[in-house]
Amino acid sequence: MSRYTLTVAILSAVVLALAILSLAAGPAGISVVQGLSDMLHGRETIAATIIGQIRLPRMILALLIGETLGLSGAALQGLVRNPLADPGVLGISGCGALGAVLVFYTGVSAVWAPALPLAALSGAGLATLLLLALTRGGTLVLVLAGAALGSMSAALLALTLNLVPSPYASYEIMHWLMGSLSRASLHDVLIATPGLLIGSALLFSTGRSLDALTLGEDVAQTMGFPLRAVQWRVVLGTALAVGSGVAVAGGIGFVGLVMPHLLRPLAGARPSRLLLPSALGGAALLLAADLFVRLPVSGAELQLGVVTSLIGTPVFFWQVWRLRGRPV
Amino acid sequence: MILQTDTISLTLQGNRLLNDIALDVRPGEVLGLIGPNGAGKSTLLRIMAGLLRPETGRVLLDGQDLFTMPPEERGRHLAYLPQEAPAAIGMSVRDVAMLGRLPHRRTASAEQNETAVQQALDAVGTSAFADRSSARLSGGERARVLLARALAVQAPILLADEPVAALDPAQALTVMDLFGQCAAQGQAVAVVLHDLALAARFCTRIAVLSQGRLVSIGTPAEVLTDALFAEVYGVAVRRCGEVAVPWSLVSSARRP
């Protein structure tokens with residue numbers, strides 16, 4: 001068995017175990033098997049309600065959002081050939097959140113529910129497009145543009161919070177901005193899943209093109225992989241995946257930065273080989289982080305985005321440390 | 001296969017880069033593209049590789065317009081080796097060479113791909129460290145690995161932009177000899193060169209570009225005359241046997 005196959009197999013097993021644990025973990029002492037069985041047979045028991053309405057949506061969303069975050073990080077890093085690329089670091093998640101908050105704030109989402117994910121998608125998509133337009137300026141320009149986008153979205157979000165009429169609404173927005181799955185519902189699953197799945201499919205389809213791109217844009221193009229086509233797939237895929245995730249779970253950062261970094265030594269340097277392990281690793285990380293926040297540490301539940309950021313920032317520092325002294 | 005440029009011209013941002021260039025690269029030959037800096041050699045090669053569209057004129061591959069050909073098919077017919085190597089490819093030498101088989105992903109078997117890659121690695125003498133990471137290679141070794149990638153395509157047309165610019169004389173001779181072998185096996189090879197001695201020694205024909213125009217094309221003996229050196233490069237040469245060595249500047253000649 002090759003190292004790649006072994007890595008994928010172990011990660012799959014970890015994701016499966018964490019998913020089961022995610023269904024089992026919670027204050028109500030219920031049997032997962034009983035709950036699932038009741039749910040599938042349409043029996044309206046407490047176990048069925050807790051599993052079907054609370055824990056299953058939370059597990060599905062942690063799995064899918066983590067998967068797409070890890071995957072979009074790996075794809076973005078392959079596209080711009082830079083290990084610092086990540087939807088959070090580059091401000092894509094922030095712009096998605098801004099879109100969603102504007103729709104939430106103006107009340108449009110209360111009238112028409114799909115407006116929320118669509119606004120998040122548009123925000124994330126516009127940010128990715130802008131970044132791609134600037135990618136030709138090189139690594140430094142890209143990272144600076146990402147920082148600018150992130151700051152801009154943070155400033156506008158702060159402004160929105162400032163203008164929110166009631167403290168309750170601003171608490172709602174804050175809670176959601178920090179990233180959380182604690183109130184995940186079946187409705188959220190229905191809203192987010194199409195975007196997450198289509199985004200994933202688009203991102204997975206870029207593997208060979210990303211491999212070709214390691215030889216530079218010119219060689220990739222002469223081998224039959226025009227840069228534009230890859231860019232569009234990564235932009236659309238990232239926008240769909242990150243936007244849908246942000247719409248239901250808020251800003252969850254650094255998963256896309258951490259996973260490719262941790263898995264590259266195991267999966268090898270070929271970008272196509274990094275996609276699946278990063279996706280699985282992202283799912284595992286978010287499932288684990290979501291289990292962690294459920295631990296009764298200080299009475300209040302920790303926010304998911306806070307935990308992933310605490311894990312992610314040391315890796316970010318490590319990357320910057322490794323890049324020091326290199327020409328940009 | 002014959003790659004032909006049919007009176008192509010190109011203007012970019014108001015600068016006339018190429019002017020009515022008509023030439024062809026035929027199977028079994030190494031065509032050297034020479035000329036002073038800024039003459040348009042690399043631009044011409046990029047057009048021949050399908051990376052830039054000419055403003056007027058066409059690029060034909062066996063009579064078929066290169067720019068209307070499906071990208072994947074074009075990728076199988078034509079291998080391009082750029083002047084600048086990517087900063088750092090972390091993958092193994094064998095994996096880099098295997099990238100050359102991407103255009104064949106729907107048409108070749110795994111065995112065919114393995115064989116092509118092994119042949120390419122053997123040809124450039126990198127088999128011994130095929131499993132080493134390409135990030136840990138010297139400049140010369142990396143240039144050879146990227147050449148192996150281009151050879152692994154097994155394309156009838158091979159286009160290389162200053163492939164020996166960063167190589168020591170031994171490596172440069174090895175690489176040029178390799179192009180000769182490719183031509184002997186029926187490939188059509190076009191190489192942008194600055195080293196006129198290498199061009200004279202290894203090219204079947206030489207095309208001389210100056211200020212975007214094709215000044216001369218023919219065998220090295222026909223093309224590399226004292227008058228041409230003075231006219232195009234503004235230098236006087238001394239002859240060492242068959243090789244002309246640029247010796248001094250010509251003050252009266254039109255400087256590029």
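I began with the largest nonpolar core, which holds 185 residues; Leu61(A), Ala100(A), Leu33(B), Ala97(B), Leu159(B), Phe179(B) and Val189(B) touch the most other members. Helix α3 of chain A, residues 46-80, gives the most to this core, with 18 residues. I also checked the domains of chain B: domain 1 (3-223) and domain 2 (225-256) both give residues to the core, so it lies between them. A reminder to myself that this is a predicted model.

**Where the chains meet**

Next I looked up the contacts between the chains: 20 residues of chain B are in contact with 16 residues of chain A. On the chain B side, α2 (71-77), β6 (78-81) and α3 (93-99) each supply at least two residues. By class, I noted 12 nonpolar, three polar and five charged residues on the side of chain B that touches chain A.

**Between the domains of chain B**

I then went back to the two domains of chain B, 3-223 and 225-256. Across the boundary, 11 residues of domain 1 are in contact with seven residues of domain 2. α7 (196-202), β9 (205-210) and β10 (213-218) of chain B each supply at least two residues of the domain 1 side, and α7(B) gives the most, with three residues. I wrote down the make-up of that domain 1 side as seven nonpolar, four polar and no charged residues.

**The open sheet in chain B**

I traced four strands of chain B that form an open sheet in the order β2-β1-β4-β5, with antiparallel pairing. β2 (15-25) and β5 (64-65) stand at the edges with a single partner strand each, so one side of each has no neighbour in the sheet. Inside the sheet, five bridges join β1 (residues 3-12) to β4 (residues 56-61) of chain B. I found Gln4(B) opposite Leu60(B) in β4(B). Helix α1 of chain B, residues 41-48, packs on the sheet and touches β1, β2 and β4; its direction makes about 120 degrees with that of β1(B).

**Val124(B)**

I stopped at Val124(B), which is found in helix α4 (residues 110-124) of chain B. Val124(B) has 24 C-beta neighbours inside 10 Å, so it counts as buried. Leaving aside neighbours within four places in sequence, I listed its contacts as Arg144(B), Leu147(B), Ala148(B), Leu151(B) and Leu178(B). I also took its distance to Ser42(B): 82 residues in sequence and 24 Å in space, C-alpha to C-alpha.

**Two positive phi angles**

Most residues other than glycine have a negative phi, so I made a note of two exceptions. Phe254(A) has a positive phi of about 75 degrees. Phe254(A) lies in the loop between α12 (227-249) and α13 (255-267) of chain A, and is buried, with 26 other C-beta atoms within 10 Å. Thr7(B) has a positive phi of about 40 degrees. Thr7(B) is found in strand β1 of chain B, and counts as partly exposed with 14 C-beta neighbours inside 10 Å.

Technical notes: Residues are numbered from 1 along each chain as its sequence is written. Chains are lettered from A and ligands numbered from 1 in the order in which they are written. This is a predicted model: local features need pLDDT of at least 70, side-chain atom pairs count only at pLDDT 80 or more; totals for chains, interfaces and linings use all residues. A nonpolar core is a set of buried Ala, Val, Leu, Ile, Met, Phe, Trp, Tyr and Cys residues joined through C-beta atoms within 7 Å. A residue is buried if 20 or more other C-beta atoms lie within 10 Å of its own, exposed if 12 or fewer, and partly exposed in between; C-beta atoms are placed from the backbone. Domain bounds come from an automatic or database domain assignment. Two residues are in contact if their C-beta atoms, placed from the backbone, lie within 7 Å. Ala, Val, Leu, Ile, Met, Phe, Trp, Tyr, Cys and Pro count as nonpolar, Asp, Glu, Lys and Arg as charged, and the others, Gly among them, as polar. Two strands pair if DSSP finds at least two bridges between them. Axes are lines fitted to C-alpha atoms, for helices over the stretch in contact, and angles run from 0 to 180 degrees between N-to-C directions.
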